[in-house]
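Visitor: Could you take me through one part of this model in close detail? I would like to look at the place where the two chains meet.

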Amino acid sequence: MTINKAFKQHENEWVLTDRKYSKVILSNKDLGKLQKEVKKKKVKDAVVMFIPPFDAFITS
Amino acid sequence: MAKFDFEPDLHLNPETNNWEYAYRPYLFVKLGYRHRLSENSIRALIDSGSDHNIFPAELASEIGLDYKKGVKRKTTAVNEYAFIVYGNRVKMEYEGKVVETVIYFGENVKIPVLGRNGFFNYFKKVNFDVKNKNFELIE
């Protein structure tokens, strides 16, 4: 599976996408604000995810 | 047994300056509290190095949970900085299954994490096949 290149514009943001990462439905740097938009537009069955920094790795 | 492919993240290789994919063990989950269930899935990282499940506080509000009423704990990552999280019993749905578990919610958490207590302990084994980019949850 691959990610649509449109995601490049959303580093360090929260995005709402579909399970195949084919498009960014909504995005925001603030998760709370994204949730309000999601509720307003009544989007269901999508995926909320954070886009981690592109040049960093993740540690726990 | 359920098998899942690692999910991709875009990665800009700082050595070659080429775009690549970093494949990571994410699971799509929904959270529930009382009669409310999140409308959309959340992509959470399966992390054997994490003691507990840690999620962003905003995800608690979505299901009507006042997370600060939960058990207050301090947590730390690999650096010296500790932060406060609140443990709450919630429902978690993945792949059509629903379990009750404890999730610690905190402010400024960016990547939801499924840890050993509250996720791994529900399975007999969790196998990571890094070479083939997949993982198995064995009950």
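**Where chain A meets chain B**

Guide: Strand β3 (residues 47-50) of chain A and β6(B) run parallel and are joined by 2 bridges. Two strands count as paired if DSSP finds at least two bridges between them. One residue pair to pick out is A:Val48, whose bridge partner in β6(B) is B:Ile42. As background, strands of a sheet pair through backbone hydrogen bonds, either parallel or antiparallel.

A word on the ground rules. This is a predicted model, in which local features need pLDDT of at least 70 and side-chain atom pairs count only at pLDDT 80 or more, while totals for chains, interfaces and linings use all residues. Residues are numbered from 1 along each chain as its sequence is written, and chains are lettered from A and ligands numbered from 1 in the order in which they are written. Helices (H or I, at least four residues) and strands (E, at least two) are DSSP runs, numbered from the N terminus.

Now widen the view to the whole interface. Here 24 residues of chain A are in contact with 25 residues of chain B, where contact means that the C-beta atoms, placed from the backbone, lie within 7 Å. On the chain B side, the elements giving two or more residues are β2 (7-12), β6 (41-46) and α1 (58-62). Of these, β2(B) gives the most, with 5 residues. Sorted by class, this side of chain B has 12 nonpolar, 5 polar and 8 charged residues. In that sorting, Ala, Val, Leu, Ile, Met, Phe, Trp, Tyr, Cys and Pro are nonpolar, Asp, Glu, Lys and Arg are charged, and the others, Gly among them, are polar.

Of the 60 residues in chain A, 20% are buried, that is, with 20 or more other C-beta atoms, placed from the backbone, within 10 Å of their own. Among chain A contacts between residues at least 6 apart in sequence, 36% join residues at least 24 apart.

Definitions and conventions: Two residues are in contact if their C-beta atoms, placed from the backbone, lie within 7 Å. A residue is buried if 20 or more other C-beta atoms lie within 10 Å of its own, exposed if 12 or fewer, and partly exposed in between; C-beta atoms are placed from the backbone.
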